[in-house]
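Subject: Structure for you to look through

Dear colleague,

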Amino acid sequence: MTNPDIAQLRLYNQHISRQIFTKPHEVVKYLGAVQAQDYAGAKWAIGLRLKKSSDAMIDKAMADGSIIRTHVLRPTWHFISPQDARWMIDLTAPRINAQAGTWFRKLELDANVFKQSNDALAKALSGGKQLDRAAVMTVLNEAGIKTDDLRFIHLLMRAELDKVICSGGRQGKQFTYALFDERVPAGGNFDKDESLAKLAERYFLSRGPATLPDFTWWSGLSATEAKRALEMVKSGLSSIEIAGLQYWLAKDQQDIAGKSPVAHLLPAYDEFAVAYKDRTAIVNPKYLTQARYVIFDPSIVVNNQVVGTWKRVLKKNSADISLNLFGKLNKTQQKAVGAAVQRYRKFIG
């Protein structure tokens, strides 16, 4: 199996090259978590994996709570399913809080401050209220909690990890926060081993072929926890050795090719790049230097390999899509990229 073969299977298993889902929450549930600090890009990450989609469809899913956006796994925002929120946060929050400990101490944030902040937020949001960041800051200031410097960011992140708040619907262009218990169903708790196994299974089925270091990076777990998680689920997976590395994926998939479109436009932080510690398999070897920021740049994928970057400039009634190709494409590939551009234009309306 070659690197392009690995990339082709990842496109297939991530449902980029085969769209079978029709609802945003189906994509998020399948993938487990979708990195979402770039909100516009993360909406497209979901949309490109759907049979039919629009930017407004993803906004609606956020508004009705069928997907939520919160801090989990590594300390950044992800889209996750409400049904997965409790066990996934319980599993990953302790490590995120430990990693943030230096900042907590520097900003004079201790257990008493967090309790005071969480209590104030819970009171202000109870009864289905949703408040934007400015209103939340006012709530905390009126409760006597300083929000200067980086304290506000860390107070909100801690409230998310303490399962006090999560995303609400947007008010215009403003993000809001809602009460976690009013957006997330009760139950769905597992012991640690059950949660580890659940996360590992979700990862390798949706993102294989992938290595243990890939899973460790994506999950934010310690190396010991990640290894334990894989041990519990590997009997249900297939493994293949490529260039001395062991890759794990769903059973009986080595021969799956998938009749995929030739080209895709992927957003920055798409799971096709960010879900792996080693990303060389997805980049044309000629362009490893140009694609060194493949996580951060929206990518053009042709024949399963990253061959360029792209960006958009939105205007009043149109969108300019500019392409930065690392090399020349043939006419068939150019036509495929053009079709990918038109698909994105249709998504954003």
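What follows is an account of what was found, taken region by region.

Please keep in mind from the start that this is a predicted model.

If you centre the view on Leu199 and leave aside its neighbours within four places in sequence, you will find it in contact with Leu73, Trp87, Met88, Leu91, Phe215, Trp218, Ser219 and Leu221. As general background, nonpolar side chains in soluble globular proteins tend to be buried together.

Helix 5 also holds Asn97. Is Asn97 buried or exposed? Its relative accessibility is 16%, and because the cut-off for buried is under 20%, Asn97 counts as buried. Beyond the residues within four places in sequence, Asn97 is in contact with Phe104, Arg158 and Leu161.

**The sheets and a hairpin**

Three strands form an open sheet in the order 1-3-2, with antiparallel pairing. Strand 1 (34-35) and strand 2 (68-72) stand at the edges and have a single partner strand each, so one side of each is left without a neighbour in the sheet. Strand 2 is joined by five bridges to strand 3, residues 76-80, and the two run antiparallel; within this pairing, the bridge partner of His71 is Trp77 in strand 3. Helix 9, residues 151-161, packs on the sheet, where it touches strand 2 and strand 3, and its direction makes about 100° with that of strand 2.

Another open sheet is formed by four strands in the order 9-10-11-12, again with antiparallel pairing. Here strand 9 (263-266) and strand 12 (319-325) are at the edges, each with a single partner strand, so one side of each is left without a neighbour in the sheet. On average, and with direction ignored, neighbouring strands of this sheet are turned by 30° against each other. Four bridges join strand 9 to strand 10, residues 299-302, and Ala263 stands opposite Val302 in strand 10.

Strand 7 (residues 237-242) and strand 8 (residues 245-250) run antiparallel and are joined by six bridges, with Ile240 standing opposite Tyr247 in strand 8. The two strands form a hairpin with two residues between them, and Ala243 in the turn has a positive phi of about 50°.

**Helix 8**

Which residues of helix 8 (residues 133-142) are buried? They include Val136, Val139 and Leu140, and these cover an arc of only 95° around the axis, which puts them on the same side of helix 8. The buried residues of the helix pack against helix 7 (111-125), strand 4 (131-132), helix 9 and strand 6 (176-179). At its N-terminal end, helix 8 is capped by Asp132, which has a side-chain oxygen 3.3 Å from the backbone nitrogen of Ala134, while just after the helix Gly144 takes a positive phi of about 80°.

**The loop between helix 1 and helix 2**

Finally, please look at the loop between helix 1 (3-13) and helix 2 (24-31), where you will find Arg18 and also Phe21. Arg18 is partly exposed, with a relative accessible area of 23%, whereas Phe21, at 13% relative accessibility, counts as buried. The side chain of Arg18 reaches the backbone oxygen of Tyr12 at 3.0 Å. Phe21 and Arg49 are 28 residues apart in sequence, yet 7.2 Å apart in space from C-alpha to C-alpha.

Notes: Residues numbered from 1 in each chain as written. Predicted model: local features only at pLDDT ≥ 70, side-chain atom pairs only at ≥ 80, totals over all residues. Heavy atoms only, no water. Contact = heavy atoms within 4.5 Å. Pairing = 2+ DSSP bridges. Axes fitted to C-alpha atoms, helices over the stretch in contact; angles between N-to-C directions. Buried < 20%, exposed > 50% of the residue type's maximum accessible area, 1.4 Å probe, protein only. Arc of directions from axis to C-beta. Polar contact = N/O pair within 3.5 Å; in protein donor to acceptor, adjacent residues only side chain to side chain.
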